[in-house]
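Biologist: I have not seen this structure before. Could you take me through it?

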Amino acid sequence: MYEQISRNKWKSVALIVFFMAFIFVLVWFFEYVTGWGKGGLVLAVAVAMGMAAVGYYSSDKIVLTISRARPATKDEFPYLYNVVEGLAIAAGIPTPKCYVIDDTAPNAFAAGRKPETAVICVTTGILEKLNRVELEGVIAHEMSHIKNYDVRLSTLVVVMAGIVALLSDWMLRSFLWGGGRRRGRGRSGEGAAGGVLILVGLALAVLSPLIATIIQLAVSRKREFLADANGAMLTRYPAGLASALRKISADTEPLEAANKATAHLYIVNPLKNIKGSVNRLFSTHPPIEERIAALEKM
Amino acid sequence: MGALILLLVIIGAIALMAIGMYNSLISLRNRCDNGWSQIDVQLRRRYDLIPNLVETVKGYAKHESGVFERVTQARAAAVGAQTVKEQGQADNVLTGALKSLFAVAENYPELKANQNFLMLQEELAGTESKVAYARQFYNDTVMKYNMRQQVFPSSIIANMFGFKPREYFQIEEEVAKGPVKVQF
């Protein structure tokens, strides 16, 4: 269990570092192609951060509103409250606020920037369909997302993906409208090599948003594995979460309140998409079978 | 002159490291204390729930006075326990007594349908798992604290300032592993 946790952490760090390196390569080409210099990067970073800041500070409210969640009172859901309070004690963080979605499809998510303001949201379906041990497994998974600052991490990754998207967009535009820089300056000696570089730049501009999305999703999947492992550490009972995952994924009911924008938040992808290697690359969640296998190995 | 400055820099760096290690030992010790009082908070909550539960069950099952007596006594013993060991033992007796109380409740369908009883049952189950989680958190914290005292180089600081390893919370083996007897 301990090795799984440290391996997961290491892999997320590696992905982030790779992402940064990727941005640097892109910036270099950007500079070469458009001649904007570092100004382009500064602008891209500022715009991407501005957009992410809005999402960062209001994401929990937006998500709760989109999902049509309502605050759960202790009188109405004593069972949920007891489980959440117990696991908050186990994790050593303040008790998150609880929300429920009135939907029979079983699912759950956590939101909030830091443990002090975090929320845990579950559907009424999950409360009915899971037993106590399974619900504890699910809540422990969400608690781990909160404790690991996963919302903060995913915001960081979204900012980086945003920078890449902006840079490549501007790069493409400069190809279309400016026809590349240095045209007027006529440095003929650089001709062939420059042409190759411009081609590579063009390819990068087209492909990089795609690559950025793939890295972003890979980070998201790593964090799911990490939350599974940490959650199992909290309950000391991986089989509970494994059985909950099995039950949730076997349930065919779709969650009406979920959409593409919020799907990555849930413990199990609520959109029930089809399997396949391409789908896997573009999935926010690792396949359920792999998560269950990892839990059973603990 | 250059050598002197270098020496001062090295001494300064070592002093900073020592301060950092000392502070982390202190904060871990405080976290242990906090973890311990967290267990107490949950236990207290559990003791507070029991009289209510006994009263509710009494309303439906007047003739089971033996069970009520055992629960009340076990609770009193648990509240009065002084040492960690005593407390653990008293707690196990109390858990056994509560199990027989709930077994008794099984025979009274009206009681089982009582909203108040169901609420108390849920509260008690929730509080029991909170006690367990609080103990787990305490043990995790103690492990970190003890480990920090044993690993080099913070072990030097721990020895110098007399940090003592904490005891883990352990449930008596024979009680914890044996099945709980239910008597009627």
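Biologist: To start, which residue in β4(A) is the bridge partner of I101(A)?

Modeller: The bridge partner of I101(A) is T123(A). Please bear in mind that this is a predicted model.

Biologist: In what sense do strands β2 and β4 of chain A pair, and over how many bridges?

Modeller: Strand β2 (residues 97–101) and strand β4 (residues 119–123) of chain A pair in the parallel sense, over five bridges.

Biologist: And what is the order of the strands in the sheet?

Modeller: The order is β1-β2-β4-β3 in chain A, in an open sheet of four strands with mixed pairing. Its edge strands are β1 (69–71) and β3 (108–111) of chain A, each of which pairs on one side only. From one strand to the next, the twist averages 30°.

Biologist: Which strands does α5(A) touch?

Modeller: Helix α5(A) packs on the sheet and touches β3 and β4 of chain A. The direction of α5(A) makes about 20° with that of β3(A).

Biologist: Turning to the helices, at what angle do α5 and α8 of chain A cross?

Modeller: The axes of α5 (residues 132–147) and α8 (residues 238–250) of chain A cross at roughly 95° and come within 7 Å.

Notes
Residues numbered from 1 in each chain as written. Chains lettered and ligands numbered in written order. Predicted model: local features only at pLDDT ≥ 70, side-chain atom pairs only at ≥ 80, totals over all residues. Axes fitted to C-alpha atoms, helices over the stretch in contact; angles between N-to-C directions. Helix = DSSP H or I, 4+ residues; strand = E, 2+ residues; numbered from the N terminus. Pairing = 2+ DSSP bridges. Contact = placed C-beta atoms within 7 Å.
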